[in-house]
Amino acid sequence: TAAGYKVEDLIPYLAYVDKDGKMQDVMFDSFLFLFMSKFPSGGYPYANGVKSDWEWALNDVFGDGKNIKALDEAAALVKKELGLPEDYKYKVILSLYYPSPEVTNFGDVDGDGVSENLSKYEDTMKAIEWYINLTENKFNDQNFQNIELVSYYWFHETINAEDGMSLRVLNATSELVHQKGK
């Protein structure tokens, strides 16, 4: 995101606010966090990102006082104002960045001292599993009361049906996400 959405920025998306500034009803119930710009390394979310980029983007989403933390705080205010049930939770979808096969020096995700090579299926899956686990752990460590992580968004949005590795990666990623209950 890198935009740094604050509580006051998010309230009009969580609740319909009338012209007098009074919350009337729920507006949207689900939120997708996407980082749309260049990564610090010069790569992009859909091409040539490396481990440090994926970590940087995730840290931005979980930054203090903004984005996902602000969403949870804004959700609490909206729930209180609208009298929503205590167990009502807004839904969150987070990005899975594209593991570009061109990246042969992604970074070490499993502590073996060897950088993953995303042109290799096994290394690609290690990177994706590492990122999903990192994301799940970061989310769960926050103990959010008003939002829940319900899914992931495959950032690349396209599939080369003739590229057997891409299909294998996407299918295996789908299995990993489903194993997490998403």
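**View 1. Surroundings of I147 in the predicted model.** Leaving aside residues up to four places away in sequence, I147 is in contact (heavy atoms within 4.5 Å) with I68, L71, D72, A75, K89, Y90, V92 and F139. Numbering starts from 1 along each chain as its sequence is written. Because the model is predicted, local features need pLDDT of at least 70 and side-chain atom pairs count only at pLDDT 80 or more, whereas totals for chains, interfaces and linings use all residues, and side-chain values use heavy atoms, without hydrogens and water.

**View 2. The largest nonpolar core.** A nonpolar core is a set of buried Ala, Val, Leu, Ile, Met, Phe, Trp, Tyr and Cys residues joined through side-chain atoms within 4.5 Å; buried means under 20% relative accessible area with a 1.4 Å probe, protein chains only. The largest such core holds 51 residues, of which L14, I68, L94 and I147 touch the most other members. Elements giving two or more residues to this core include α1 (7–14), α3 (67–82), β4 (90–96) and β5 (147–154). The greatest contribution, eight residues, comes from α4.

**View 3. Fold of the protein chain.** The chain has five helices and five strands, defined as DSSP runs (H or I, at least four residues; E, at least two) and numbered from the N terminus. Their order from the N terminus is α-β-β-β-α-α-β-α-β-α. Of the 182 residues, 43% are buried. Among contacts with a separation of 6 or more, 66% join residues 24 or more positions apart. Along the principal axes, the C-alpha atoms fill a box of roughly 55 × 30 × 30 Å.

Technical notes
Buried means under 20% relative accessible area, exposed over 50%, partly exposed in between (1.4 Å probe, protein chains only).
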